[in-house]
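I opened my notebook and started looking things up in this one. Here is what I wrote down.

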Amino acid sequence: MGTVLSWNPIVVLQDLWSYPFMVNAFRAGTIVAVLAGVLGWFMVLRKQTFAGHTLSLVAFPGAAGATLLGIGAGYGYFAFCLGAALVIGGLPGLGRNGFSRQSGFSRQSGFSRQGGFSRQSAVTGTVQAFALACGFLFVALYRGFLGGINALLFGGFLGITSGQVLVLLAVAVAALVVLAVIGRPLLFASIDPDVAGARNVPVRALSVLFLLLLGAAAAETSQITGVLLVFALMVMPAATAQALTARPALSLGLTVLIGLVVTWLGLAVAYYSDYPIGFFVTSFGFAGYLLALGARDGLPRVRSIAAPRGPSWQ
C-alpha cells in the first residue's frame with residue numbers, strides 16, 4: 001500500500017489494526033496458517049506434495065468459473081478443489097492401502113515402485129493440466145474486466161470481509177475436527193501403510209478423506225497467497241519443521257508456529273509496500289527453510305570440530 005513504516009513496533013501494530021480490512025486479513029491469515037500448517041505437515045509426511053500442488057492450481061479455474069457465472073469466487077475455490085480431490089482419490093485399480101497391487105511396496109518412498117506411484121502421478125498431472133486449461137477458457141469467455149486476476153494468482157488481502165472470515169473459520173474448524181478424529185490412524189497409515197492395512201486400518205478411505213481435507217486447505221490458502229503460491233504455507237513450514245526435528249508432536253507444533261510467523265510478517269510487509277503478499281510469504285518461508293537446513297547441517301559439524309579429541313597413539 002505504500003504506507004510509511006515506523007520503527008516503533010507499537011505504532012506499527014496500532015497502524016496495522018486501525019483498519020477493519022487489516023483486522024480481517026490477520027484473522028483470515030491466522031486461520032489459514034493453522035489449517036495449512038497442520039494439513040501440510042501430513043502432506044509432506046505422506047509425500048503428496050504433487051497432489052497438494054495440483055489441488056492448489058485447481059483453485060484457479062474454480063475462481064474463474066465462479067466469476068464467469070456471477071457468483072462468489074470462494075464457492076468456486078471449494079467446489080473445484082474438493083472435486084479434484086475426489087477425482088485423484090477415486091483413482092480406480094488401487095489396492096486397499098491406496099496403491100497399486102501390481103508391484104512391491106517401497107517403504108522408503110511410500111508408494112509402490114512402479115504401478116502405484118506412476119499411475120497416481122499420471123492422473124494427478126492430467127487433472128492439473130485439464131484444470132489449468134479450463135481456467136484459461138473461463139477467463140477467455142469472461143467478457144468483462146477481470147481486474148482481480150493478479151490477486152487470484154499471486155494473493156491479496158484487501159478485499160477480505162467479515163463474512164469470508166467466518167466461512168474460513170467454519171471450514172477450518174470442521175477440517176481440524178475431522179483430522180483430530182482420524183489423526184492417529186492417518187499417521188500410522190502415512191508411516192507404514194502396509195502394516196496398517198494388515199491391521200485392518202482403512203488406509204484407502206483415509207487417503208481419500210485426507211485428500212478432501214487437503215483440497216479444503218488449498219481452497220482456503222489460495223485466497224490469501226494466490227493459487228500459484230499455496231506451497232508457501234502448505235509445504236515450506238512443514239518442511240522446515242521436519243528438517244529441525246523428527247518428533248511428530250514437536251514438528252507439528254513448529255509447523256503451525258512457522259506458518260503463523262510467516263503469514264503475519266507477510267501481511268505486515270505487504271501493507272507497507274505495493275507488492276503482493278504472496279511474494280513476501282514465500283520469501284520468508286524460503287528463508288526459514290534455508291536457515292533450518294543450515295542449522296541442521298552446520299551444528300553437528302561445529303560440535304565435531306569443537307569436541308575435544310583424545311591422544312593419538314599412532
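Which residues in H11 meet which residues in H12? I found Pro237, Ala238, Thr240, Ala241, Gln242 and Leu244 in H11 meeting Ser251, Leu254, Thr255, Ile258 and Gly259 in H12. Contact here means heavy atoms within 4.5 Å. I sorted the residues of this contact into 6 nonpolar, 5 polar and no charged; Ala, Val, Leu, Ile, Met, Phe, Trp, Tyr, Cys and Pro count as nonpolar, Asp, Glu, Lys and Arg as charged, and the others, Gly among them, as polar.

A note on what I'm reading: this is a predicted model, where local features need pLDDT of at least 70, side-chain atom pairs count only at pLDDT 80 or more, and totals for chains, interfaces and linings use all residues. Residues are numbered from 1 along each chain as its sequence is written, and side-chain values use heavy atoms, with hydrogens and water left out.

Next I checked valine 269, which sits in helix H12. Helices (H or I) are DSSP runs of at least four residues, numbered from the N terminus. Is valine 269 buried or partly exposed? I have valine 269 down as partly exposed, because its relative accessibility is 29% (buried is under 20%, exposed over 50%, partly exposed in between, with a 1.4 Å probe and protein chains only). Leaving aside neighbours within four places in sequence, I saw valine 269 in contact with Phe280 and Phe284. From valine 269 to phenylalanine 280 I noted 11 residues in sequence and 7.3 Å in space, C-alpha to C-alpha.

Last, I turned to H2 and H9. Among the H2 residues that meet H9 I listed Ala28, Leu35 and Phe42. The residues of that contact divide into 13 nonpolar, 2 polar and 1 charged.

How values were computed. Helices (H or I, at least four residues) and strands (E, at least two) are DSSP runs, numbered from the N terminus.
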